[in-house]
Amino acid sequence: MKDRFGREIEYLRLSVTERCNLRCRYCMPEEGICKKRHEDMLTEDEMILAVQAAASLGIRKVRITGGEPLVKKNILSICQRIADISGIEELCLTTNGLLLPQYAAALKAAGVKRINLSLDTLRPERYAHITRCGELHQALDGLAAALSAGFEKVKVNTVLVGGFNQDEVEALASLSVQYPVDVRFIELMPMQKQDEFGADAFLPVSYVTQVLPQLQKLPFDGKDVLLYRLPGGQGNVGLISPLSQHFCGKCDRLRLTADGHLKPCLHSSQEISIKGLTFEGMRERFLEAIEAKPACHGVLSATHRSEAGRNMNRIGG
Ligand code: SAM
Ligand code: SF4
């Protein structure tokens, strides 16, 4: 279905939980999340009903995210039921990868076609620092598990953080030569409290092309990623620039949070609740959310915080 600005809205990001087994510094507070009442969160049946309502309005692609989706006990059942919904052509999942050795084959069997795995550094001490509690080998084992499970596509998502991993751009991009994976560098987004990130942390992704002049530009994919390839690359290198050059004009997505709020725009505080509604009620709220999509989000920069009103783990990045 088209929104007011003629954009075809066909992509839903569904956050299945706010919880996570990591505490990435740009995403979540150290102490984790406030304990939520179970009854305030969407049930599995409500998630399925919501995707059915979305599919009836033209949503074709669903990405499962969180928090960390693989800490959700019923994640396989959720995936399987969404993959079976008529009209859903593509089911993808974003994960930190830690639980993929255990889940990759079952996710594939449940109908997940593509996996995005978040990895900001290849140095164990830096991984432990940025995630506050993770061990790099767990994420790398997860990447290996994703590759051997035979997904249609595996992408590595790297948040580019000035003063943290900017000297690893070449090593991270080279994963696309070593393995059949796309590596995507994403600009750090200024969400809620992130006092530890100064202005230098907000590095534009054009930095990647500066330090890797050998990158060959590929045709624009028409979405939100500038695509390149390293010589000998098996996969692409992508640049995603929510700060320096946003792609709101091409935005085709809605987000549904684990506590049942539709967000017409990632960086707006507007939320529309669907908790407890019937199929028809949810359908109406989806229509409202599509109608409410703004042309563009406000300015984002080191000094202009997102107006999302939530950290990323509570939205679903
Ligand atoms: N836990 C899963 C993971 O880490 O892949 C899925 C949820 S996580 C919120 C989704 C993505 O959002 C991750 O790739 C993460 O790096 C990204 N993210 C979180 N906070 C961010 C921020 N402030 N700026 C840019 N990306 C962010
Ligand atoms: Fe967890 Fe993903 Fe957020 Fe890291 S980015 S804290 S892994 S939800």
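The shell around ligand 2 divides into five nonpolar residues, two polar ones and no charged ones. Here Ala, Val, Leu, Ile, Met, Phe, Trp, Tyr, Cys and Pro count as nonpolar, Asp, Glu, Lys and Arg as charged, and the others, Gly among them, as polar. This is a predicted model, in which local features need pLDDT of at least 70, side-chain atom pairs count only at pLDDT 80 or more, and totals for chains, interfaces and linings use all residues. Residues are numbered from 1 along each chain, chains are lettered from A and ligands numbered from 1 in the order written, and side-chain values use heavy atoms, with hydrogens and water left out.

**Around ligand 2**
- The residues around ligand 2 (a heavy atom within 4 Å of it) are C20, L22, C24, C27, M28, G67 and N96.

**Two helices**
- Helices α1 (residues 44-56) and α2 (residues 75-83) have axes that come within 10 Å and cross at roughly 25 degrees.
- That angle makes α1 roughly parallel to α2 (angles under 35 degrees count as such).
- On the α1 side, E44, D45, M47, I48 and V51 make the contact, and on the α2 side S77, I78, R81 and I82 (contact means heavy atoms within 4.5 Å).
- By class, this contact has five nonpolar, one polar and three charged residues.

**An aromatic pair**
- One aromatic pair is counted, where ring centres must lie within 6.5 Å.
- The rings of F220 and F247 have centres 5.6 Å apart and planes at 25 degrees, so the pair is stacked (planes under 30 degrees apart).
- F220 lies in the loop between β7 (216-217) and β8 (226-229), and F247 in the loop between β9 (237-240) and β10 (253-256), so the pair ties together parts 27 residues apart in sequence.
- Helices (H or I, at least four residues) and strands (E, at least two) are DSSP runs, numbered from the N terminus.

Notes. Axes fitted to C-alpha atoms, helices over the stretch in contact; angles between N-to-C directions. Parallel < 35°, antiparallel > 145°, perpendicular 65-115°, else oblique. Phe/Tyr/Trp six-rings, centres within 6.5 Å; stacked < 30°, edge-to-face > 60°.
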